[in-house]
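Reader: Could you take me through this one, with the cut-offs spelled out as you go?
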Amino acid sequence: MSVLIRPIITEKMTADGELFNRYGFYVQPGANKLEIKAAVEATYGVSVEKVRTMNYGPTRKSRYTKTGIQHGKTNAMKKAIVDVAEGDIIDFYSNL
């Protein structure tokens, strides 16, 4: 099972990648910073300087239907922001 789930491709993360060499990834909730660093270096062939992680809990929602109150939640997720060494870049659009 891979540590990296998918990259975060938004306007904000694209700007961070161009200006500061920072890239974002959704990762497995049980992964630590050393595993994330090794996975990014092995997958993209870059040298990672710094890894920052954020845990997001599930969002709970309820709605009223004719059968009663329905409760639900989204999945918990973990994000990792990876600082790459100067001169290295990660191109997410190369294989489109």
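Author: What follows covers the sheet, the helices, a salt bridge and the pocket. This is a predicted model in which local features need pLDDT of at least 70 and side-chain atom pairs count only at pLDDT 80 or more, while totals for chains, interfaces and linings use all residues. Residues are numbered from 1 along each chain as its sequence is written, and side-chain values use heavy atoms, with hydrogens and water left out.

Reader: ok, what's the strand order in the open sheet of four strands?
Author: The order is β1-β2-β6-β3, with antiparallel pairing, where two strands pair if DSSP finds at least two bridges between them, and where strands (E, at least two residues) and helices (H or I, at least four residues) are DSSP runs numbered from the N terminus. The edge strands, each pairing on one side only, are β1 (4-7) and β3 (48-56).

Reader: and which helices pack on it?
Author: α1 packs on the sheet, touching β2 and β6, and its direction makes about 135 degrees with that of β2. Helix α2 (residues 33-44) also packs on the sheet, touching β1, β2, β3 and β6, at about 120 degrees to the direction of β3. Contact means heavy atoms within 4.5 Å, and the angles run from 0 to 180 degrees between N-to-C directions, with axes fitted to C-alpha atoms, for helices over the stretch in contact.

Reader: switching topic, how many salt bridges?
Author: The structure holds two, a salt bridge being a side-chain nitrogen of Lys or Arg within 4 Å of a carboxyl oxygen of Asp or Glu. One of them joins the side chains of D83 and R22 at 3.5 Å, N to O, and this pair links distant parts of the chain, with D83 in strand β6 and R22 in strand β2, 61 residues apart.

Reader: what volume does the largest pocket have?
Author: Its volume is about 220 Å³, taken as the space filled by probe spheres set on grid points that are joined across faces, edges and corners. A pocket here is an open set of points on a 1 Å grid over the protein atoms alone, where a 1.4 Å probe fits, with protein on both sides within 12 Å along at least five of seven lines; lining residues have an atom within 4 Å of a point.

Reader: so which residues lie nearest its centre?
Author: Of the 13 lining residues, T14, Y23, I90, F92 and Y93 lie nearest the centre of the largest pocket. The largest share of the lining, four residues, comes from α1.
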